[in-house]
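Good morning, everyone, and thank you for making time for this short talk. Please have the sequence and the model open while I speak.

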Amino acid sequence: MSRNRTPVDTSVVAPRPGATQRLHLSAAGVSVVLDVTDGRSPSLAHWGADLGTLGPTGLDAACAASIAPVPHNAVDVPVRVGILPQQCDGWIGRPGLTGSRPDGSGWAPRLLTRAVTLDGHSLTAAHTEAGAALVGFDLADEELGLRVGLEVELLPTGLLRQRASLTNSADLPYTLDELTVAVPVPGHAEELLDFAGRWGKERTPQRSAFTVGTHLRENRRGRTGPDAAHVLHAGPSGVGFRHGEVWAVHTAFSGNHRHLAEQINTGDRILGGGELLLPGEVMLASGEEYVGPWLYASYGEGLDAVASRFHRHLRSRTNHVDTERPVTLNVWEAVYFDHDLATLTALADQAAALGVERFVLDDGWFGSRRDDTTGLGDWVVSADVWPDGLGPLVDHVTGAGMEFGLWFEPEMVSLDSDVARAHPEWIMAPSTDRLPLPSRHQQVLNLSIPEAFEHVLGQMSAVLAAFDIGYLKWDHNRDLLEAATRSSGRAAVHAQTRAAYALMDALKAAHPGLEIESCSSGGARVDLGVLEHTDRVWVSDCIDPLERQQMNRWTAQLVPLELMGSHIASGASHATGRFHSLDFRAATALFGHLGIEWDLTQASTDELTALRGWIALYKDRRELLFTGDLVRADRGDSPLWLHGVVSPDRERALFTLAAVGRSDRSQHTRLRFPGLDPEALYRVLPLPSAARTSSLTPPRWMQLAEQAADEGGLAVPGSVLTAAGLTAPLLDPEQALLIDLTRAEVS
């Protein structure tokens, strides 16, 4: 029954031994307040907008401000939501750490903080303020023999990342079920935005209310998946690209993983993520350690700000690609499995004449691989198809000034292959007598078996050593079902994922300068885990530009344009059967790492001339595209989508207006261009392809801009472009208009 309660003095209830330490980190407009009170496990008292310099008093106040009152019929101290949530702190939601010992004990840890480090140095001060920094927490439950290491790092970009590790310090083994870290979000973050999808339509956005309970996105495919959550956002209802505070997380792991949003009945809300472990997959003997993946967390005003932090982080890497991203021709949709030296050299000549800089030979060059039923796993050049080896084609391509690239699918195996016949024990399966259902006529090669790993590494390295190859298209065309080590039946997705990363790293170490593209049935392995080891992701096997408008738009919520494979296909889409103009195909593909997937020998003279112009435009603008800030305009339900790239100094910008449907209104809302300097004067110029987008009369500003083309376009104040906007043209469906903007010299 309900009754009045005497207020609880929380300073004396359930005391915890240990020091109180509080840290304030700040960078790029973001503040993170970390609170370790009385040696308890650390919590985030604040993650969000910059709080300025707090000082000891302000830091204590920020932590006190985060402590909620004790409601009726709850534990007698305020609920504390740690970075690793625990029941012992009053959290009744999903615990961050779950597992047990063979006797059933060890499932309810009480982790206390034993030590704190700042950038690797021991920290003893009660109050600390710093900029971008890495904070380490050493936690332990001495009674249960468990130690946890927490790393919390605020990067210079304002991106926050966290990960946890677990060490078994007792004699008995410990089976780990889940290790999930979390970040808090405020009560006014009332809507969730994440993604679903399917093959050929990856990263389809979905919104839902942030209600009591758990919004759980579990990926059990053994790879990230076309329906992966991608980035899980929380924000106010209707949050847009340019408005609304947003908190978002991404689990940087390419195997099984989870994202979650959870609210308990107190109103406390978290976002979290970690690896999804299969039963018995991680059993720690005494002294053994498990290290979980990074959970990245991005905060900003609007979805563009969230995306920008991910982009700036990736661009800050020492191994990041340069801006001279080569125009790529992939021959898959030109020849499929029909490999012929004369055909391919003719295609290479046509590509070189257009300005293509990289030529990629796709599936079908190896072993018995004449169709998709055989040969996977035998990475030896086929003597039947290539009696003189790949050398003549490689030499022809490189002699024409292009880089040569080659397709592999190293994690897969066909049952009809030499390697499967010689080593059936290398195939992932739940037992020696059972195989998983086939998918794409293939099974999975267990790279966590050292001999299998060395076999694949040896065969791939031999091919790379024999020929001048600078680029690998690394495919992964099936989900991992019943993925276990065949001899033991023990689940092995975790080990397989780590082995795939190790194989990528070994190949890169042995062949400096090698680039790897992550392709997985198209865009089924797009995550920050694989991008630690690769240089590009293939957004989707569907190159239909109408579909790609959506998929590129949302892939870019995590991945910058220079890492997104974006190709111009033939007029009739291989995936959908739709036919589109070359200008719509090219204007869509331009906002990414440009490539071509088209039998150019079948293109008309006019098409080749136009394509040459688009390639030249890409080369002229790739510095802008791959260093600028992605901006996307909020246009409600308008089928005219406006997005672009603005240079960091806001001197130049390139926008595209794409008609992705038809409206029930004859006129559209004005075009307001985000990201520009409202105090500047810009020259606005529709690029030449605009004349072919519609037979209807263009708006007056377009006519004036074309008349002023010799001066760089129509001079328009930045305030007009950002606030008032330009009248939208009447575009036909599935057409696009490019708009160039350059800061004007003021006399």
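What we are looking at is a predicted model, in which local features need a pLDDT of at least 70 and side-chain atom pairs count only at pLDDT 80 or more, while totals for chains, interfaces and linings use all residues. Residues are numbered from 1 along each chain as its sequence is written, and side-chain values use heavy atoms, with hydrogens and water left out.

The pLDDT, which is the predictor's confidence in each residue on a scale from 0 to 100, averages 94 over the protein, and 97% of the residues score at least 70. Over residues 1-16, however, the pLDDT is below 50, and this stretch has 17 contacts in the model beyond near neighbours in sequence, where contact means heavy atoms within 4.5 Å.

Let me now take the sheets. The strands and helices I name are DSSP runs numbered from the N terminus, with helices being H or I of at least four residues and strands being E of at least two, and two strands pair if DSSP finds at least two bridges between them.

Another open sheet has three strands, ordered β4-β11-β20, and its pairing is antiparallel. Because β4 (97-100) and β20 (282-284) stand at the edges with a single partner strand each, one side of each has no neighbour in the sheet. Neighbouring strands here are turned by 35° against each other on average, direction ignored. Four bridges pair β4 with β11 (residues 174-179) in the antiparallel sense, and the bridge partner of L97 is L179 in β11.

That brings us to the helices. Two packed helices are described by the angle between their axes and the distance between the axes. Here the axes are lines fitted to C-alpha atoms, for helices over the stretch in contact, and angles run from 0 to 180 degrees between N-to-C directions.

How do α7 and α8 cross? The axes of α7 (residues 450-466) and α8 (residues 493-510) come within 11 Å and cross at roughly 30°, and α7 and α8 are therefore roughly parallel to each other, a label for angles under 35 degrees, whereas angles over 145 count as roughly antiparallel, 65 to 115 as roughly perpendicular and the rest as oblique. The crossing of α7 past α8 is right-handed, meaning that the near helix is turned clockwise from the far one by less than a right angle, with anticlockwise being left-handed. F453, V456, L457, M460, S461 and L464 in α7 meet A499, A502, L503, A506 and L507 in α8.

Next come α9 (residues 545-555) and α10 (residues 582-589), whose axes come within 9 Å and cross at roughly 15°; α9 and α10 are therefore roughly parallel, and their crossing is left-handed. In this contact, P545, L546, R548, Q549 and N552 of α9 meet F584, R585 and T588 of α10.

Finally, the axes of α10 and α11 (residues 605-625) come within 11 Å and cross at roughly 20°, so α10 and α11 are roughly parallel to each other, and α10 passes α11 in a right-handed crossing. L582, D583, A586 and A587 of α10 make this contact with E607, A610, L611 and W614 of α11.
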